[in-house]
Amino acid sequence: MFVAATGLAPIAAFHFCRDTQLATQIITDGSTDRARAVPRVVLPDNPRLFEERADRFAHLASGHPMGVYLGLMARICRGQQEALRRRPALLLPEASLGHSRSFGMPPLSAQGHARAPLWRDDLGDIVAAARDEAEAGVREALQTLSSLDATSVEAIADRVLAGTTLDDDAALVPFVGAALQVYFARQAAALTAEDVSHCDVATICPVCGTRPVASIIRVGGAQANLRYLVCALCQTEWNMARVKCSSCETDKGVHYLSLAGHGDDKAVDALAKAEACDECKTYLKIFNQDKDPYADACADDLATLALDVLVDEQGFGRSGPNLLFHPGSG
Ligand SMILES: [Zn+2]
Ligand SMILES: [Zn+2]
């Protein structure tokens, strides 16, 4: 169950709205002139990426029942921004790019890439940022993290990247996951469009092979109204048609579920929806920036864990991770 680690109880005051409107607003990624002009892959070269996410977390924390938790995530993102600023990307071995060109493999494969110890310096910055104003439980987790040797920290990182984190890792996952995001985003941003053009498996990140954390429907510019999947690890975005399941690519049995207050007729227009697939029984959230241009795949995902609870209860399993969160085993 995705939300087990938060101890969140299902929120009975919410109910589902099945949204069919979204599926009627079809803009494909290959059948119109407009869509052909947009990039299939958008590399994470925004130098303020984590600062903007920190601002979003801080905004979402205000008045939220999980405000303390979201406030901690904001501090973690400020640490990510500091780490990103401090260190340049490392030169990627030509062999990785050659392998990608020859076999269509992601050039920075999350599990195959030999990550440099540098990522643990990023972790140090994030721990330092999170320590400010930390409550007792967080201070204890940071103490535990600081006491681990490099081998143990690397083992947690391996589990984060493989999606096999243990319940014992839960309190440390947000920090380790955040550091890995910085390291992989920095490396991804140093790639070129040609470097990332060889892996065309639509359901995984073309740069690192990780599943998406969520979808964003963009506003403004050439990407307006198009759906991009956002990599849970390196923050690369890639385009996918809006009516397809982002896990099995079927265009049948995809429907949208959202949280809605009783009597709220505007529920179908919600910023956050779960795109659920009857074929593969999975779901992933989709955020429409037309409803809020500051929506962020990672931050808005963690601010809407109540939606995960309810979709989970409907029998759907989440198809992509949030690396700032351990999903729990029970
Ligand atoms: Zn990626
Ligand atoms: Zn599916």
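Visitor: Which residues coordinate the zinc ion (ligand 1), and at what distance?
Guide: Keep in mind that we're looking at a predicted model. In it, the zinc ion (ligand 1) is held through SG atoms, and these belong to C205, C208, C231 and C234. The distance is 2.3 Å.

Visitor: What geometry does the site of the zinc ion (ligand 1) have?
Guide: There are 4 donor atoms, and the angles among them run from 95 to 119°. Four donors count as tetrahedral if all angles lie between 85 and 135 degrees.

Visitor: Is C205 buried or exposed?
Guide: Buried means under 20% relative accessible area. C205 has a value of 0%, so C205 is buried.

Visitor: What about the zinc ion (ligand 2): which donors does it have, and what is its geometry?
Guide: Its protein donors are the SG atoms of C245, C248, C277 and C280, lying 2.3 Å from the ion. Angles among the 4 donor atoms of the zinc ion (ligand 2) span 106 to 115°, and the site is tetrahedral.

Visitor: Where do C245 and C280 lie, and how far apart in sequence are the parts they tie together?
Guide: The donor spacing for the zinc ion (ligand 2) reads C-x2-C-x28-C-x2-C. C245 is in the loop between β5 (237-239) and β6, and C280 is in the loop between β7 and β8 (282-288), so this pair ties together parts separated in sequence by 35 residues.

Visitor: Is C280 buried, partly exposed or exposed?
Guide: The cut-offs are under 20% for buried and over 50% for exposed, with partly exposed in between. C245, at 5%, counts as buried. C280 comes out at 26% relative accessibility, so C280 is partly exposed.

Visitor: How are α6 and α8 oriented to each other?
Guide: The axes of helix α6 (residues 118-131) and helix α8 (residues 150-162) come within 12 Å and cross at roughly 90°. Contacts join W119, R120 and L123 in α6 to A150, V153, E154 and A157 in α8. Angles of 65 to 115 degrees count as roughly perpendicular, so α6 and α8 are roughly perpendicular.

Definitions and conventions: Residues are numbered from 1 along each chain as its sequence is written. Chains are lettered from A and ligands numbered from 1 in the order in which they are written. This is a predicted model: local features need pLDDT of at least 70, side-chain atom pairs count only at pLDDT 80 or more; totals for chains, interfaces and linings use all residues. Side-chain values use heavy atoms; hydrogens and water are left out. Donors are N, O and S atoms within 2.8 Å of the metal (3.2 Å for Na, K and Ca); water is not among the atoms, so sites may look incomplete. Four donors count as tetrahedral if all angles lie between 85 and 135 degrees; four count as square planar and six as octahedral if opposite donors are over 155 degrees apart and all others between 65 and 115; anything else is irregular. Buried means under 20% relative accessible area, exposed over 50%, partly exposed in between (1.4 Å probe, protein chains only). Axes are lines fitted to C-alpha atoms, for helices over the stretch in contact, and angles run from 0 to 180 degrees between N-to-C directions. Helices (H or I, at least four residues) and strands (E, at least two) are DSSP runs, numbered from the N terminus. Angles under 35 degrees count as roughly parallel, over 145 as roughly antiparallel, 65 to 115 as roughly perpendicular and the rest as oblique. Contact means heavy atoms within 4.5 Å.
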